[in-house]
Amino acid sequence: MTYRVEFRSDGAVIGEAEGLEDRAAAKRLAEAEIAQRGAEIAIVIDVDGTGMEVASIRLDAMKWDDK
């Protein structure tokens, strides 16, 4: 599987990280970069499988919402 992380602020995509090989790596990257990128939320997307969101984290809570 391959994953992508979308970083969003005010509903708009403000950055992406692509080509992450596993979900755990995508989540670690999202946690590490959400504040750096000025994002309100980071969304992990399963690129190879469903193409849908599989997890998200909000900067204000820093708690994962796994689907």
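Q: Is Asp66 buried, exposed or partly exposed?
A: Buried means under 20% relative accessible area, exposed means over 50%, and partly exposed lies in between (1.4 Å probe, protein chains only). This is a predicted model, where local features need pLDDT of at least 70, side-chain atom pairs count only at pLDDT 80 or more, and totals for chains, interfaces and linings use all residues. Residues are numbered from 1 along each chain as its sequence is written, and side-chain values use heavy atoms, with hydrogens and water left out. Asp66 has 37% relative accessibility, so the class is partly exposed.

Q: Which residue forms a salt bridge with Asp66?
A: A salt bridge needs a side-chain nitrogen of Lys or Arg within 4 Å of a carboxyl oxygen of Asp or Glu. For Asp66, the closest N and O atoms are 3.1 Å apart, and the partner is Arg23.

Q: How many residues apart in sequence are the parts that this pair ties together?
A: Strands (E, at least two residues) and helices (H or I, at least four) are DSSP runs, numbered from the N terminus. Asp66 lies in strand β5 (residues 64-66) and Arg23 in helix α1, so the distance in sequence is 43 residues.

Q: Is Glu6 buried or exposed?
A: Glu6 meets Arg4 in a salt bridge (3.1 Å, N to O). Arg4 is partly exposed at 21% relative accessibility. Glu6 has a relative accessible area of 8%, so this residue is buried.

Q: Which residues are linked with Arg4 and Glu6 in a network of salt bridges?
A: Side chains of opposite charge can pair when their charged atoms come close. Besides Arg4 and Glu6, the network holds Arg8 and Glu16.
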